[in-house]
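Subject: Structure handover and notes

Dear colleague,

I am passing on the structure below, and after it I set out what was found. Please read the notes with the coordinates open beside them.

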Amino acid sequence: MTISIMIADDHALLRQGIRNILELEPDFQVIGEASDGEEAIAKTITLAPDILLLDINMPKVNGLEVIKRITEEQQNSKIIVLTMHDDESYVLEVVRTGAAGYLLKDIEPGMLVTAIRKVYNGESYIYPTLAKSLFSEISRCHEKTPEALTSIKHRREEGLTYRELEVLQLVCKGLSNLDIAKTMFLSEKTIKNHLTSIFRKISVNDRTQAVLYAIKNKIVTLE
């Protein structure tokens, strides 16, 4: 198994540094580079890498627009944003737009490698310190109406039940298992069972990834 990767950043020296790191991994293959947003879109569509490492601040077309365009093209490439911006609002916008990962450029090489592997395997990966602060921003989320949730439920291949969608909404608000149990008049054990089922159905391993799933799939909205 080889993971094909493209690097999109307007700094040639940084691109080379990332390439050098990635090419130390026997199962990684860097198949292309892009120095601006237009080139990133064109090459991603043409080369179809498994992973696109993308900076937000790109010439010609910015990173967010690149994500939108690639998503609209229904490319199978998964996008990890690699940026200097450590504002959680950027993370939310990037996730809503369709990226699967968000990393800061000062990370250790090992974290970059881990993130690529996780995203390739269908998980989301957010820089750890940002993941923690993200919940304070997400806690202002608004759940969808019952009618909208029913529509979402029937559209989701994962088969989340209406009750599981309710639990997921409360997770997005930052509630603990005990608080969710009190809110829903259920036992804490029942909530844990619901979470286990939710995580399994949407193929995530933790609450942060579940919240990102909820945002991307419009199960919750944000102010």
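To begin inside the sheet, Gly101 and Leu103 point one way from strand S5 (residues 101–104), while Tyr102 and Leu104 point the other way, and all are buried. Buried here means under 20% relative accessible area, with exposed being over 50% and partly exposed in between, computed with a 1.4 Å probe on protein chains only. Helices (H or I, at least four residues) and strands (E, at least two) are DSSP runs, numbered from the N terminus. In general, side chains in a regular strand alternate between the two faces of the sheet.

Before going further, please note that this is a predicted model, in which local features need pLDDT of at least 70 and side-chain atom pairs count only at pLDDT 80 or more, whereas totals for chains, interfaces and linings use all residues. Residues are numbered from 1 along each chain as its sequence is written, and side-chain values use heavy atoms, with hydrogens and water left out.

The chain as a whole

The protein chain has eleven helices and eight strands, and buried residues make up 47% of its 223 residues. Among the contacts in the protein chain with a separation of 6 or more, 65% are between residues 24 or more positions apart, a contact being heavy atoms within 4.5 Å.

The sheet and the helices on it

An open sheet of six strands runs in the order S2-S1-S3-S4-S5-S6, with parallel pairing; two strands pair if DSSP finds at least two bridges between them. Strand S2 (28–34) and strand S6 (125–126) stand at the edges with a single partner strand each, so one side of each is left without a neighbour in the sheet. Strand S1 (residues 3–8) is joined by four bridges to strand S3 (residues 51–54), the two running parallel, and Met6 has Leu52 in S3 as its bridge partner. Helix H2 (residues 37–47) packs on the sheet, where it touches S1, S2 and S3, and its direction makes about 140° with that of S2; axes are lines fitted to C-alpha atoms, for helices over the stretch in contact, and angles run from 0 to 180 degrees between N-to-C directions. Helix H3 (residues 63–72) lies across S3 and strand S4 (78–83), and runs at about 160° to S3.

Further along the sheet, S4 and S5 run parallel and are joined by four bridges, with Leu103 in S5 as the bridge partner of Leu82. S5 is in turn joined to S6 by two bridges, again in parallel, and the bridge partner of Gly101 in S6 is Tyr125.

Individual residues

Asp55 sits in the loop between S3 and H3 and is buried, with a relative accessible area of 5%. Its side chain makes a polar contact with the side chain of Lys105 (3.2 Å), where a polar contact is a pair of N or O atoms within 3.5 Å; within protein, one must be able to donate a hydrogen and the other to accept it, and residues adjacent in sequence count only if both atoms are side-chain atoms. Leaving aside neighbours within four places in sequence, the contacts of Asp55 include Ala8, Asp10, Leu82 and Thr83.

Thr97 belongs to helix H4 (residues 88–97) and counts as buried because its relative accessibility is 10%. The side chain of Thr97 reaches the backbone oxygen of Glu93 at 2.6 Å, and, neighbours within four places in sequence aside, Thr97 is in contact with Leu64, Ile67, Lys68 and Thr71.

Thr129, by contrast, lies in helix H6 (residues 128–138) and counts as exposed at 51% relative accessibility.

The largest pocket

The largest pocket has a volume of about 520 Å³, and of the 23 residues that line it, Lys78, Gly98, Ala99, Ala100 and Lys216 lie nearest its centre. On a 1 Å grid over the protein atoms alone, a pocket is an open set of points where a 1.4 Å probe fits, with protein on both sides within 12 Å along at least five of seven lines, and lining residues have an atom within 4 Å of a point. Grid points are joined across faces, edges and corners, and the volume is the space filled by probe spheres set on the points. H3, S4 and helix H11 (207–216) each supply at least two residues of this lining, and H11 gives the most, with three residues.

With best regards
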